[in-house]
Structure formats: structure tokens, C-alpha cells
Amino acid sequence: MISAAMLSRSASPSLRMAARTIRPTAGRLISITTRQQHPSPIIAKRSLHRTNLRENASAALATTTIITKRAKSSGAAAASTLEYDDDDDNDTATNNTSYDGRTRQEAWMVNLNRGDNEWLTGPRPEDWYTGKSPKHCPGVDPHGVLRSLPLPNLSNVTRQAAKEYFDNSWTLFEMLFSGLKGEEPFYRPPVHGLRHPQIFYYGHTPCLYVNKLRVAGVLEKPVNAYFESIFEVGVDEMLWDDMHKNDMVWPTVSEVYEYRKDVYDTIVDAIMTHPSLDDKGGSEPVTVNQDHPMWALFMGFEHERIHLETSSVLFRETPIELVQTPAHFPTLHPSVYSSTSKATQPVEGEDFPANRMIAVKGKDIKLGKPLDFPSYGWDNEYGERTMTVPDFYASEHMVTNGEFWQFVAEGGYRNKKYWCEDGWAWRTHRNLKWPFFWKQVGPAGSHDYGLRTIFEEVPMNWDWPVDVTYYESKAFCKYKSEKDGSPTSKPYRLLTEAEHQIIRHPRHSLDAARADVSADKVMVTAGSEFAHGETAANLNMAYSSSSPVDAFPPSESGHRDTIGNNWEWAEDHFNPLKNFEVHHVYDDFSTPCFDGKHSMIVGGSFMSTGDEASVFARFHFRPHFLQHSGFRLVASEEDAPATQLFPGSFAGQAAARDDAEEEGHSANSENNVYETDDLLAMYLGLHFPSSGSKENVNPIMQHEHAPTHGLRFPQRVAELVRKLEPERTNNRALDVGCAVGGSSFELAKSFDFVQAFDFSNNFVEAAKRIQSGEELTFRIPVEGEISEEVSVVNEPGVDLDVMKRVNFFQGDACALSEYANSKEGFGTFDAVMLSNLLCRLPDPMAALNAMPKIVNKGGVVVMVTPFTWLQQFTPKSKWLGGFHDPVSQEPLYSKDNLKQIMESLGFEKIHEEQMPLVIREHQRKYQYILSEATGWRRI
């Protein structure tokens with residue numbers, strides 16, 4: 001096996017970095033020590049501003065808003081894009097894209113001003129590239145423009161060919177990222193908040209290489225286990241109003257840059273030395289198939305190319321002042337530079353071509369990629385299905401900006417009747433009035449637009465295909481059916497996967513590719529050659545923008561852009577073919593999206609490379625999500641030959657979601673055990689163990705070896721806080737998860753003021769009644785339906801004067817940072833207590849990350865927990881431990897992770913003990929729990 005230990009580089013530029021720990025996305029944290037290095041030119045100018053990562057984290061956490069996963073992404077609110085302004089007078093939209101001088105601080109800004117901004121502003125020097133620079137990279141043309149190489153033929157793999165394709169993939173990705181101007185666009189969440197910021201993707205693609213090669217047995221060890229935890233899992237686009245995923249303290253760009261260098265060296269070493277690629281010096285190429293360990297290597301290549309395209313879409317959504325056109329990047333299509341005046345109100349036949357409907361003869365289409373086809377393929381491509389396609393009509397080309405302008409100008413975005421229920425809910429949620437990549441350049445109501453490309457804003461090109469979501473595509477189909485009528489008795493719709501295969505050029509069809517590998521054009525055609533010849537197309541990065549829909553020759557059926565230019569939305573749900581099987585190296589690539597909530601896209605776009613540009617490609621997105629994607633009008637007398645996993649396409653998702661939420665809310669209200677009288681009685685007994693003394697009812701039935709040492713648990717936790725002698729700054733304490741208040745009253749014996757809250761309103765109200773002096777009674781179960789009514793009895797030393805020092809309120813431990821920021825009178829504390837709470841929180845890290853903000857220097861945090869992780873309370877992705885490393889299968893324990901987390905947050909461990917507690921169920925049955933109690937001092 002090849003070790004993934006960090007490899008030395010000759011004359012290696014580097015950075016001295018110590019053992020480092022920062023909170024990971026899923027609440028897991030691993031301490032990593034990286035190699036000592038000497039400063040490189042690219043980082044020397046910022047080295048004085050850098051400390052080790054732990055110091056960075058501590059400083060950021062001490063001075064800036066602590067980010068929690070519960071905090072909603074502020075990307076949408078922060079956006080300066082005009083499309084989402086509720087007012088028609090969009091010229092008054094506030095520019096909120098500069099960090100300095102902001103009047104409103106947003107959660108993600110904790111990542112800014114850490115020393116990287118200078119070297120990320122302006123054109124990147126050559127040593128920005130951690131592998132080959134573009135001008136020395138395979139795929140560069142004589143003019144210095146870098147484009148994609150052909151998709152590798154895996155029946156004929158040499159080490160050199162594999163390295164060249166790796167270099168091409170790696171450098172294309174870094175070239176794209178050289179288009180981010182300054183550090184802000186690396187951390188600013190996307191405007192819709194539905195994907196990670198770009199710093200994640202900058203680290204995600206190298207991370208996947210390492211993790212998948214480890215799974216395949218090629219690499220023995222991680223390169224950086226912490227980075228390979230936080231950068232491992234991306235996000236599905238989810239519902240359009242889900243914005244809970246972007247806020248955390250990320251590593252700096254320069255730290256990820258160093259990580260990329262180490263991974264590059266590791267992968268090159270694997271390519272050049274792993275015995276499975278032994279080609280005898282190039283004379284005996286090897287075959288790589290799905291059983292070969294290096295299938296994982298080619299998986300990494302194609303995964304990187306997926307993110308090359310999806311990140312280019314995110315760049316296109318980024319405020320224009322935060323991007324710059326990279327050197328060596330392919331040019332926009334030459335039509336953008338046409339001297340022809342760009343009309344503000346386009347006319348068919350002048351500014352964009354008429355879009356005639358062409359009759360197509362139906363036939364049977366066999367979908368699926370042969371297992372022995374010599375290119376990398378994702379699991380969903382394999383299998384088979386024969387679709388019978390009836391006759392249909394399909395528009396000559398995709399709908400253009402000019403054609404779609406009519407829909408916009410005639411109020412299509414204001415008229416609910418054109419939209420499915422979920423589409424209308426999405427449109428109103430986003431306040432969309434025109435396609436996202438259109439930019440209003442005239443006064444409100446003038447419908448005068450420019451166009452945003454990846455890095456530039458250009459005059460509107462009316463003859464380019466419009467970039468829209470599935471919802472917008474379907475709304476236009478309904479509008480067009482009403483306005484002009486369909487050539488059949490049924491309204492216009494979108495293309496299907498099988499129909500798309502019929503209108504493609506037969507020389508590059510599925511059948512042709514199965515018979516001749518070279519018929520899959522991307523197998524033999526580089527990006528520099530794709531735009532030439534009889535079957536030319538805007539694909540494989542021939543250009544860096546769309547092109548006129550009539551710029552390239554039509555297929556034999558008369559249809560244009562059947563591959564390339566823009567993806568086309570299809571009617572099909574993303575679905576498995578017959579005999580579908582996951583690949584063990586990436587067993588959840590496709591299956592989570594076989595849910596009836598992802599629409600297929602077909603044909604590829606100008607940014608599609610590698611497998612994405614293959615005739616066998618099968619990709620998808622959620623219907624509200626932007627890609628470089630458009631659509632073609634289709635009509636037929638028969639139902640669409642589409643594969644849909646659930647009836648109703650996407651029209652009912654909003655209603656289904658709302659019904660589920662309502663049902664879940666109702667169920668939660670009725671079944672929340674913390675709001676039941678039985679549990680209230682149980683906790684009153686736990687917190688006030690002297691209750692029943694007047695009625696001669698003992699908390700534990702007397703017997704030999706009775707576990708009376710487990711009584712007074714809340715009081716013992718509060719006493720531990722006092723014994724640890726927190727430095728007294730303001731003599732205030734906080735009881736997080738106070739339940740019915742026994743622990744809070746015990747704290748009040750030692751502190752002048754105690755804030756105490758619990759998620760259960762029932763518990764808090766009981767605590768307040770006790771605090772007021774009311775004689776509260778509850779029933780202690782004895783046997784079956786028999787119980788004894790007893791009065792609550794406070795512990796010695798707890799009187800009305802002590803109890804009045806406590807302020808009870810209903811609250812959420814996961815919102816501690818919000819309370820610190822905005823809750824009046826909340827303040828800071830010399831002592832904080834979390835008793836049997838951590839493993840019952842939906843997001844433990846949200847509570848832990850607030851500690852530096854609310855604990856005074858020298859103050860103490862006492863946490864007591866049995867680490868009883870249950871998915872009904874805490875999603876497994878948020879557990880601090882109690883699971884196995886997915887690659888090494890080593891057990892990861894919460895205790896170890898908690899120590900590293902607290903140390904990274906600026907606390908030292910000062911105490912540990914095992915603390916028992918007893919909870920009575922009835923006189924002969926008790927819960928005996930052994931919790932770990934730890935004390936932490938703020939340093």
C-alpha cells in the first residue's frame with residue numbers, strides 16, 4: 001500500500017503549523033499534526049499574520065459571533081442581487097458585499113480577516129497552483145488556453161496517461177478557483193443558502209481522492225484526518241427554504257492550499273508507484289475496471305469534474321465584484337462580442353430565431369451503459385431499460401432568452417396559474433421576477449436586461465438558451481400552451497430521457513457507442529476540438545459560456561444542441577435502471593436521490609467535461625436548483641415516456657412537505673414526553689428527594705444496599721460547581737437544562753444570580769410555582785395504578801430569599817449564542833452547568849460553541865452526561881462519538897472528542913468523576929445511571 005503520509009517536496013514552500021483543532025461540521029473533531037515547512041513566496045507575505053490553527057480558532061471564537069449549525073444562513077439576506085428585492089425600485093438595493101465597514105455582522109464573517117485577503121486579490125501567481133500551472137498543464141492550447149482532455153479509455157491505461165488526466169482535472173479546478181477575488185467569496189454562503197461556501201469545495205475534491213483511495217485499499221492513512229472529516233460530505237440541495245447548513249468556522253484558504261499540495265503529492269505518488277498500475281514503463285498498459293483498486297482514482301477525477309461545473313454555477317451566482325476572469329480560462333463564445341446592437345425588446349427572427357416544432361418518429365430506446373465499456377461511469381449509468389417512445393414533436397432548439405422574455409414581459413412570474421404549487425411557493429419565497437442570471441439594467445418595468453456569465457456581466461444575448469430551473473421551465477410550457485397552443489391535443493411539456501436519445505446525432509448515439517467506443521465523442525475529442533466538425537458542439541469547455549442556439553449544425557432529425565450548450569431539464573425523475581448496483585467505494589452516490597424529488601437533466605452544458613459529457617451520462621438536480629440548464633418544448637398525443645418514481649411529478653411537494661410538517665408538529669405536541677404529567681412527577685422526585693418526608697414516603701424503598709448515594713443528583717452537580725472554585729467576576733451562574741429547578745436553587749446558595757432555562761415549558765412553570773412559595777404536590781408511583789400524593793420539599797438552606805435569585809425561562813440550549821447576542825439581561829457567567837443534557841440536544845456543538853462567549857475568564861463549566869446517544873434526540877451526524885471511523889473502523893468515543901473540542905474552545909480540564917443518579921419509576925423499579933462529570937476552566 002501507498003502511505004498517505006505527507007510527502008516532502010524538493011524546495012517545498014510551506015508553513016510551520018502546530019497540532020491543530022477546530023470544530024468540524026458534524027461535531028467530530030480530530031487533532032492533526034502537520035509537517036514543519038519553510039515559508040513559500042505565496043504565503044510569506046502573510047506569514048506574520050498567521051498563528052497556528054488553534055490560536056486562530058480561539059481568537060475568532062473570543063472576538064466574533066460563534067457560529068452554530070442551528071443558525072440560519074444569512075446568504076439570502078446578505079445578497080445584493082436585484083432579483084430578490086421585494087421592491088420594484090431595485091436601484092435602491094443596499095450593496096452588502098464588503099466586509100469592512102459593514103453595519104450588520106453576519107455569522108459567516110467569523111472566517112474573514114485572517115491574513116489571506118491580500119494574496120487572494122488580483123491575478124494569481126503561478127505558485128497558486130498546487131500541481132501543474134495552466135501553461136504547463138496537459139490540455140493547454142498554443143494560445144495558452146486550458147481546456148479538458150478527452151475522457152480516458154480504461155482499457156489502455158498507463159501511468160503517464162493517468163497522471164496527465166489527473167493534472168488536467170486538478171488544474172482546471174484550481175484555475176476556476178483563481179477566479180475568486182479576495183477571501184470573502186470563499187466563505188460567503190451562496191445567495192440561496194442551499195450549498196456550502198466555496199472553501200468547502202476547495203477542500204472537498206482533494207478530500208474525496210484520499211477517502212476513496214483509502215476505502216479501495218490504495219492508501220493506508222489519511223493525509224489530514226481532520227480535513228478529511230469536515231470536507232467529506234457535501235449537501236443535497238434540499239427544499240428551497242432550507243438554509244441551515246453554511247455557518248461554521250472553516251480553515252483558512254492558505255491552510256487548505258497547503259492541504260491540497262500534500263494531497264497532490266500523495267495522488268501523484270500513488271499513480272506513479274502503486275503496483276496495480278504497473279505498465280512496464282508504458283509498454284504494457286493496464287485495464288482498469290470496477291474491480292480494480294484504481295477505479296477509485298478515476299472516480300476522483302470524475303467527481304472533481306462534477307464540482308468543476310457545479311462550482312462554476314455557484315461562481316455565476318456570486319456578486320460580480322467578488323469574481324475575476326482567470327488567466328488561461330476559455331473565452332466566452334465569440335457571439336458575445338458581436339458588434340450588432342443588443343435590442344432591449346427582442347424580436348423573433350431578428351434577435352433570436354423562430355423555434356419550429358419538428359415531428360419525430362418514435363421507436364424503442366435501450367438505456368444503459370455496458371459493464372465492460374472502457375470509461376469510468378457512475379453506478380446509475382449501468383443496468384438496462386428499454387423504453388417505447390411514441391411519436392412526438394420537439395422544438396428545433398432550446399428555448400432562448402428572447403423567447404422567454406415574452407413570458408417575463410407578459411407577467412408570467414406574477415401569474416400563479418402557470419405554476420405548479422411547489423413552483424409557485426418557491427417563486428414567491430425567492431421573490432423571483434425573471435431568471436436569476438438576467439440582470440436588470442433599465443428602470444423598473446422596462447424589462448431591459450443584461451446577462452451574467454460565470455465571471456462577467458455582458459449585454460443580453462437573446463439567441464442563447466435561457467438558464468432556468470425545472471419550475472420555470474414547466475411554467476413556460478403552460479404559458480406557451482395557453483398562448484399559442486400545442487401541435488397536439490396535449491399541452492407542451494419537457495423532453496424525456498428516452499426522447500433525448502432519439503434526437504441526438506445517430507453517429508454519437510447509445511447504440512453507436514456500444515458498437516464503437518469512439519462514437520462516444522468525449523472519448524476521443526478534447527475541448528479544443530469539440531466546437532469543430534460536422535457534429536460540433538459547445539461541450540468539454542470549448543467555451544466558457546453558452547452560445548447561440550443555431551451556432552452549431554443540427555442532428556439528422558433537425559434538432560440543435562442535443563448535446564452541449566446547456567443541460568436540458570427532463571420529465572423523468574432520477575431513477576435506477578434494471579440491475580442497478582451500488583459500487584462499494586461510493587455506495588451512496590445515487591441512491592439517496594432515487595426519491596422522486598430529483599429531476600433528470602440531459603445533454604450536458606458548455607462546462608460539462610469527462611463523464612458528464614458522455615452519451616451514457618445520467619445526472620439530476622432538484623427542481624428549484626440552478627445549473628447551466630435550459631429546456632426544449634415537446635408535445636405528443638401519448639403520455640410522456642418518462643420514468644417517475646412517484647405520481648404527480650414535482651407539483652405536490654410543497655403540500656406534501658407542509659402536511660408532513662403539520663403532522664410532525666401535532667405528533668410532537670402530543671407525544672413530547674417532557675410535557676407529560678408523569679415525567680414532571682418523575683423529575684420533581686429527582687430534584688426534590690426530600691419530598692414525601694411529610695407523608696412518610698421514601699424516595700427509595702428501604703432495603704439492604706439501597707443506592708441512596710444516587711439521590712440528590714441535581715444538588716451534587718451544583719455542589720461540584722462550587723467545589724471547583726470558579727473565579728468570581730460577576731458571581732452569576734447559568735443552569736442549562738434546569739428541569740424543575742432543584743439544581744438552580746442549589747446554585748443560588750452560592751451565587752448572587754442564576755439564569756436557568758429548560759426546553760420544557762411544563763418543567764419551567766413548575767419551577768416558577770415552587771419559587772413563588774406555592775405548595776406544589778405530585779404523585780409518586782407505588783404499584784400499577786396505585787400512587788401516593790406528596791408535597792414538594794426543598795433542600796436545607798433553600799428559602800424564598802435564595803429562590804428569588806433565580807430567573808427561570810423556557811429556552812433552547814442550542815440557541816445559547818443567540819441569547820448571548822440578543823437576549824436582554826442574559827449576560828456572562830462565572831459558572832455554567834449542563835446536567836445530563838448534552839446527549840439529548842439536536843445539535844450539541846451549538847451549545848458547546850457558545851461557551852467561550854458566555855463564560856468569564858477563570859470561570860468553570862461543569863458537564864455531566866452519560867453519553868446516551870439516540871437518533872430520536874440527536875441526528876447521528878451530530879453525535880460527538882459512539883461510532884466507528886467510516887474508513888479505519890476504529891471506535892471514536894465522545895469523551896475523547898469532548899476533550900479536544902473544549903480545549904480548542906479555550907478551556908482546560910480540571911476535574912473528572914463518575915457520578916451516579918437514581919430515578920424512581922415505582923417503588924420496586926429505578927433507573928440507575930452513571931454519568932461522567934467533568935469540569936472545565938476558561939483560560
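Which residues have the most contacts inside the largest nonpolar core? They are Phe177, Phe186, Phe404, Trp438 and Phe631, in a core of 161 residues, where a nonpolar core is a set of buried Ala, Val, Leu, Ile, Met, Phe, Trp, Tyr and Cys residues joined through side-chain atoms within 4.5 Å. The largest share of this core, 11 residues, is supplied by helix α10 (residues 295–317). Apart from this core lies another, of 48 residues, with Phe688, Val717, Ile770 and Phe778 among them.

The model is predicted, and local features therefore need pLDDT of at least 70, side-chain atom pairs count only at pLDDT 80 or more, and totals for chains, interfaces and linings use all residues. Residues are numbered from 1 along each chain as its sequence is written, and side-chain values use heavy atoms, with hydrogens and water left out.

Of the 939 residues in the chain, 61% are buried; buried stands for under 20% relative accessible area, exposed for over 50%, and partly exposed for the range in between, with a 1.4 Å probe and protein chains only. The accessible surface of the chain comes to about 35500 Å², of which 49% belongs to carbon and sulfur atoms, as computed by the Shrake-Rupley method with a 1.4 Å probe. The chain holds 25 helices and 23 strands, which are DSSP runs numbered from the N terminus (helices H or I, at least four residues; strands E, at least two). Among contacts (heavy atoms within 4.5 Å) between residues at least 6 apart in sequence, 79% join residues at least 24 apart.

Because Arg316 lies in helix α10 and Asp467 in the loop between β7 (457–459) and α13 (470–484), the pair ties together parts that are 151 residues apart in sequence. Both Arg316 and Asp467 are buried. By the rule that a side-chain nitrogen of Lys or Arg lies within 4 Å of a carboxyl oxygen of Asp or Glu, the count comes to 35 salt bridges. In another of these, Glu381 meets Lys369 at 3.5 Å, N to O; Glu381 is buried at a relative accessible area of 1%, and Lys369 is buried at 2%. Lys749 and Glu746 form a further salt bridge, with the closest N and O atoms 3.0 Å apart, in which Lys749 is partly exposed at 34% relative accessible area while Glu746 counts as buried at 7%.

Turning to the strands, an open sheet of three has the order β1-β4-β12 with antiparallel pairing, two strands being paired if DSSP finds at least two bridges between them. β1 (357–360) and β12 (634–635) stand at the edges with a single partner strand each, so one side of each is left without a neighbour in the sheet. Four bridges join β1 to β4 (residues 392–395), and Ala359 stands opposite Tyr393 in β4.

Elsewhere, the antiparallel strands β22 (residues 907–922) and β23 (residues 925–938) are joined by 14 bridges and form a hairpin with two residues between them. Within this pairing Arg920 stands opposite Tyr926 in β23. Finally, Lys895, Lys909, Glu912 and Glu932 are linked in a network of salt bridges.
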